[in-house]
Amino acid sequence: NVKKRLAGFMATWYAAFERAHAGFGSQALANVLWSFGRLELRPSRRFLELWFGGFEREWSDFNSQGLANCLWALARVNASAEQLPQVFLDRWCTQFSIEAQSFNSQALANVMWSFGKLGVSPSRQFLDAWFVEFDKRVVNFRSQELANCMWALGRLELVPPERFLDNWYYRFTCVEPETDSQALSNGLWGIAKLGLEPRATFLELWYIAALRETHRASPQSLSNVLWAFAKLGLSPRENFMEVWYDASERCMQRMDGQALANIIWAFGRLSIRPRESFIAQWIAQFQRELPETSEETLNMYNSVFQKLTSLPGGSADLADDLNEENEDRAGSAASSSIAEVANNLEQNQSSKDVPASRG
């Protein structure tokens with residue numbers, strides 16, 4: 001009943017918006033799109049067409065808050081890059097360069113995060129203005145805002161100027177006491193994705209905060225952190241890994257196939273033999289997630305098992321499950337990948353030991 005009422009309300013609302021949209025000014029356009037983002041409610045294709053038309057009409061009147069809110073909303077409703085007209089992006093970036101001095105630290109962080117979430121690289125005009133304003137306001141950035149900026153730059157593979165890095169690292173040293181597990185994960189992941197070598201002072205403070213916060217980390221954060229270390233080619237410290245194992249085992253049943261794949265890939269990349277209790281739980285969760293696992297993820301598993309060739313008890317059962325899943329998906333694109341993983345695991349599960357975790 002609730003869904004039917006909501007659908008009925010939205011149909012009425014969309015019809016009313018279609019009649020009245022021509023009268024919407026910049027503030028009204030920003031507010032209505034922000035509401036969709038706040039509700040995480042994906043708007044209809046027709047609404048977006050009308051909204052972008054309104055933005056094209058009113059773009060030069062958008063202030064900093066309106067610009068930040070509409071881009072944030074599009075990211076929150078998971079709008080695809082294909083849904084964003086190039087003329088909208090061009091106009092938005094042009095207006096940002098005009099209004100940039102009015103953006104505070106939170107708005108600057110939000111718009112950079114939004115571009116990262118949308119998977120859209122902003123114009124050089126935007127980036128030049130954004131980096132200037134970041135340098136001016138860096139003393140006001142909080143830990144999550146810093147982390148979100150680095151995460152977005154990493155996702156877009158936009159290597160920032162050295163001055164930005166100097167200011168970013170300096171500000172991190174100031175806000176480390178307030179840094180939570182999500183910020184730690186996002187910041188390190190962004191650095192790794194950019195192929196940058198983290199500075200020694202940053203890593204020292206990062207470990208201090210991580211030992212304090214990792215027990216609160218989400219499955220995604222735990223997965224991303226280990227992936228980042230593997231991408232950087234840095235073996236995590238042993239005391240951190242003990243905390244990481246404890247946190248991962250507590251939330252293992254909430255890890256999806258991608259997180260499981262990233263974790264086991266990281267162990268393989270780092271040549272670290274996970275502790276027995278972790279692998280036992282990882283195998284059990286892998287078995288639960290197997291029916292939903294994509295071909296791409298299965299291919300990742302296969303490449304990892306070629307390196308991580310010795311797994312403790314449960315490997316034979318895992319190979320059996322893989323073979324059963326292969327039969328269920330017979331004829332599908334994923335079946336050959338499943339068979340390859342199972343065969344590799346059966347052949348190599350006892351062939352050699354992989355070194356234990358090192359600090």
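Student: Which residues do ring pairs link into a cluster here?

Tutor: Ring pairs join Trp 13, Tyr 14, Phe 17, Phe 24, Phe 36 and Phe 47 into a cluster. Rings of Phe, Tyr and Trp (its six-membered ring) pair if their centres lie within 6.5 Å; planes under 30 degrees apart are stacked, over 60 edge-to-face, and the rest tilted. Keep in mind that this is a predicted model, where local features need pLDDT of at least 70 and side-chain atom pairs count only at pLDDT 80 or more, while totals for chains, interfaces and linings use all residues. Numbering runs from 1 along each chain as its sequence is written, and side-chain values use heavy atoms, with hydrogens and water left out.

Student: Why does the pair of Trp 244 and Phe 278 tie together parts that are apart in sequence?

Tutor: Because Trp 244 lies in helix H13 (residues 238–250) and Phe 278 in helix H15 (residues 276–289), the pair ties together parts 34 residues apart in sequence. Helices (H or I, at least four residues) are DSSP runs, numbered from the N terminus. Trp 244 is buried, at 0% relative accessible area, and Phe 278 is buried at 0% too.

Student: Which residues does Trp 206 touch?

Tutor: Leaving out residues up to four places away in sequence, Trp 206 touches Phe 172, Leu 184, Leu 188, Val 225, Phe 229 and Phe 240. Contact means heavy atoms within 4.5 Å.

Student: And Ser 143: buried or exposed?

Tutor: Ser 143 counts as buried, at 8% relative accessibility. Its place is in helix H8 (residues 143–156). With residues up to four places away in sequence not counted, Ser 143 touches Val 175, Glu 178, Thr 179 and Ala 183.

Definitions and conventions:
Helix = DSSP H or I, 4+ residues; strand = E, 2+ residues; numbered from the N terminus. Buried < 20%, exposed > 50% of the residue type's maximum accessible area, 1.4 Å probe, protein only.
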